[in-house]
Amino acid sequence: MNITKKWLEDKGACVDGIEWFEEHFKEEVDCQDVLDKLAEINKTGWAQWLVKKAGKSEKVMVCEDLSSDKSIFFLGSIRAEGSISCFNLVAGGDVMAGGDVDAGGDVMAGGYVDAGGDAVS
């Protein structure tokens, strides 16, 4: 899904969010690119808003372990064979981990969160 300034305005984005978008992106951009940039600066509230307005993607991120000292925001589902560790976690779909799901802040999933180990936020 692509995001534009007009799309943000139509969905009722805040003025600060629209200005930030204009500073970082020229025109139309893939929603995941916006989420990745928001993750770099830990803008969890904006990422949650964007995921809710854009709707979940059918894409699935598959990995062994997923670890970041920053946030992880993904429009689809996340499936890790091992553990997931990050600052904040936002997913449009399900979050599945064979091990722990450990977020120092928020965990938001449009579907379910299934951890083979502990789920801590």
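This is a predicted model: local features need pLDDT of at least 70, side-chain atom pairs count only at pLDDT 80 or more; totals for chains, interfaces and linings use all residues.
The largest nonpolar core comprises 22 residues, of which I3, F21, V34, L35 and L50 touch the most other members. Helix 1 (5–11), helix 2 (15–24), helix 3 (31–40) and helix 4 (44–54) each contribute at least two residues to this core, and the greatest contribution, five residues, comes from helix 3. When residues up to four places away in sequence are left aside, L35 is in contact with A47, L50, V51, F73, F74 and L75. Another core, made up of 14 residues and including A80, L89, V95 and V101, lies apart from the largest one. In soluble globular proteins, nonpolar side chains tend to be buried together.

The packing of helix 2 against helix 3 is described by an angle of about 105 degrees and an axis separation of 12 Å; because angles of 65 to 115 degrees count as roughly perpendicular, helix 2 is assigned a roughly perpendicular orientation to helix 3. In this contact, W20, F21 and H24 of helix 2 meet V34, K37 and L38 of helix 3, and the residues involved divide into four nonpolar, one polar and one charged.

The loop between helix 3 and helix 4 contains I41, which has a relative accessibility of 44% and therefore counts as partly exposed. Although I41 and K70 are separated by 29 residues in sequence, their C-alpha atoms are 7.8 Å apart in space.

Key: Residues are numbered from 1 along each chain as its sequence is written. Side-chain values use heavy atoms; hydrogens and water are left out. A nonpolar core is a set of buried Ala, Val, Leu, Ile, Met, Phe, Trp, Tyr and Cys residues joined through side-chain atoms within 4.5 Å. Buried means under 20% relative accessible area, exposed over 50%, partly exposed in between (1.4 Å probe, protein chains only). Helices (H or I, at least four residues) and strands (E, at least two) are DSSP runs, numbered from the N terminus. Contact means heavy atoms within 4.5 Å. Axes are lines fitted to C-alpha atoms, for helices over the stretch in contact, and angles run from 0 to 180 degrees between N-to-C directions. Angles under 35 degrees count as roughly parallel, over 145 as roughly antiparallel, 65 to 115 as roughly perpendicular and the rest as oblique. Ala, Val, Leu, Ile, Met, Phe, Trp, Tyr, Cys and Pro count as nonpolar, Asp, Glu, Lys and Arg as charged, and the others, Gly among them, as polar.
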